[in-house]
There are 2 protein chains.
Amino acid sequence: MPAERTRSTGRDRLRDSALAGDLSFLLARANALALAAANAALATHGLKARSYSVLALAADDVRPTQRELAEFLRLDPSQVVALVDGLEQRHLVERHADPADRRANVLVATDAGRALFARARDAVRAVGIDSLSVVPAQDRARLARLLRLLAFPD
Amino acid sequence: MPAERTRSTGRDRLRDSALAGDLSFLLARANALALAAANAALATHGLKARSYSVLALAADDVRPTQRELAEFLRLDPSQVVALVDGLEQRHLVERHADPADRRANVLVATDAGRALFARARDAVRAVGIDSLSVVPAQDRARLARLLRLLAFPD
DNA sequence: CTGAATAATTGACATTCTCAATGGTTCGTG
DNA sequence: CACGAACCATTGAGAATGTCAATTATTCAG
């Protein structure tokens with residue numbers, strides 16, 4: 001085996017490329033890794049990152065309308081319909097008529113939904129802490145703050 | 001119109017939710033915005049973020065194999081086949097037999113590929129600078145460094 | 001030399017994305 | 001109040017992506 005040679009493995013060549021310095025690329029790759037880890041942790045609870053996010057907002061008493069969910073999660077409204085359908089059929093959330101606007105549905109978690117969310121959240125936290133271990137503790141708050149600027153530019 | 005009332009619009013309620021503080025969520029949303037902006041900028045060049053990334057690595061003389069591309073871009077190898085097929089049919093890249101391993105294809109950009117990449121890169125840079133304008137200039141290098149830790153944890 | 005592992009490819013299938021159209025509701029304006 | 005424009009949720013269709021198993025050619029370890 002080559003022991004101490006040119007130090008230019010294919011992996012290093014890729015990581016030293018111009019693309020690897022691109023913020024959008026780093027964002028995409030970091031997201032892909034985080035998403036895979038989250039989905040793996042959520043699988044045992046019958047959830048994915050998407051359904052987990054919806055359940056989280058419902059369980060947090062945010063009372064979002066489907067339209068708000070679509071904008072917040074960057075989904076097409078029709079995808080939110082399917083997502084809520086799935087959660088509602090499992091009796092984890094309910095569509096409540098919005099008293100202020102009868103066109104809109106407000107999403108509310110059931111007791112079962114809150115219970116499942118609590119368990120799922122613990123699982124997600126475990127892998128989240130694990131992934132975050134690579135970034136120094138003192139930088140984590142700053143990273144979150146900077147990411148928030150990109151996630152909510154307005 | 002409500003002028004100065006409860007200050008609790010649906011948007012604010014969502015942004016103040018626990019989910020909005022989650023790093024994975026911020027990553028997902030920031031990535032969704034960056035991806036949409038990049039795709040919009042690339043559309044006029046007949047590229048998307050995926051094909052742009054492949055072209056970028058080929059044009060940068062990284063000479064990646066398809067297997068390396070799959071790992072780097074977090075794609076299934078079969079998706080890389082389709083991606084490279086598309087670029088090769090447009091004569092932007094070529095599959096070269098890897099002299100060191102005849103199972104592998106090394107990806108090389110054609111002159112046309114390099115020319116198109118140069119134009120596409122200018123377009124994505126323009127929107128990249130625009131998106132980055134929300135994060136203070138002195139924080140940008142730090143953000144990239146922290147994101148790199150998440151994107152390449154090993 | 002032989003068998004296990006790997007790179008690329010194909011094909012099948014599931015999931016997700018993107019759009020256009022629809023019914024019911026709200027809102028601004030006359 | 002009546003009108004039409006805008007908006008919310010929903011459905012459905014078709015494209016794009018993701019996932020996985022099987023195949024061929026090649027490399028590698030023993």
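A salt bridge here is a side-chain nitrogen of Lys or Arg within 4 Å of a carboxyl oxygen of Asp or Glu. Keep that in mind as we walk through this predicted model, since the rule finds twelve salt bridges across the interface of chain B and chain A. Take one of them: the side chains of Arg13(B) and Glu68(A) meet at 3.7 Å, N to O, and that is inside the 4 Å cut-off.

Between chain B and chain A, 18 residue pairs are in polar contact, counting pairs with both residues at pLDDT 80 or more. On the chain B side, the helices that each supply at least two residues to the face touching chain A are α1 (10-15), α2 (23-43), α3 (49-59), α4 (66-73), α6 (111-132) and α7. Of these, α2(B) gives the most, with twelve residues.

Now step back to the interface as a whole. The size of an interface is often given as the accessible area lost when the parts come together. For chain B and chain A the buried area is about 5500 Å², and carbon and sulfur atoms give 69% of that. In terms of residues, 53 of chain B are in contact with 53 of chain A.

How are the two chains related? Rotate chain B by 180°, with 0.0 Å of shift along the axis, and chain B superposes on chain A with an RMSD of 0.0 Å. That's the relation of a two-fold axis. The contacts fit this picture: 100% of the interface residues of chain B are also interface residues in chain A, so the copies meet through the same surface.

Finally, have a look at the aromatic rings. Over all chains, the count comes to eight aromatic pairs. Where do the two partners lie? Phe25(A) is in helix α2 (residues 23-43) of chain A, while Phe152(B) is in the segment after α7 (137-151) of chain B, so the pair joins two chains.

How values were computed: Residues are numbered from 1 along each chain as its sequence is written. Chains are lettered from A and ligands numbered from 1 in the order in which they are written. This is a predicted model: local features need pLDDT of at least 70, side-chain atom pairs count only at pLDDT 80 or more; totals for chains, interfaces and linings use all residues. Side-chain values use heavy atoms; hydrogens and water are left out. Rings of Phe, Tyr and Trp (its six-membered ring) pair if their centres lie within 6.5 Å; planes under 30 degrees apart count as stacked, over 60 as edge-to-face and the rest as tilted. Helices (H or I, at least four residues) and strands (E, at least two) are DSSP runs, numbered from the N terminus. Copies are superposed by least squares on the C-alpha atoms of residues with pLDDT of at least 70 in both. Contact means heavy atoms within 4.5 Å. Buried area is the accessible area (1.4 Å probe) that two parts lose on being put together, summed over both. A polar contact is a pair of N or O atoms within 3.5 Å; within protein, one must be able to donate a hydrogen and the other to accept it, and residues adjacent in sequence count only if both atoms are side-chain atoms.
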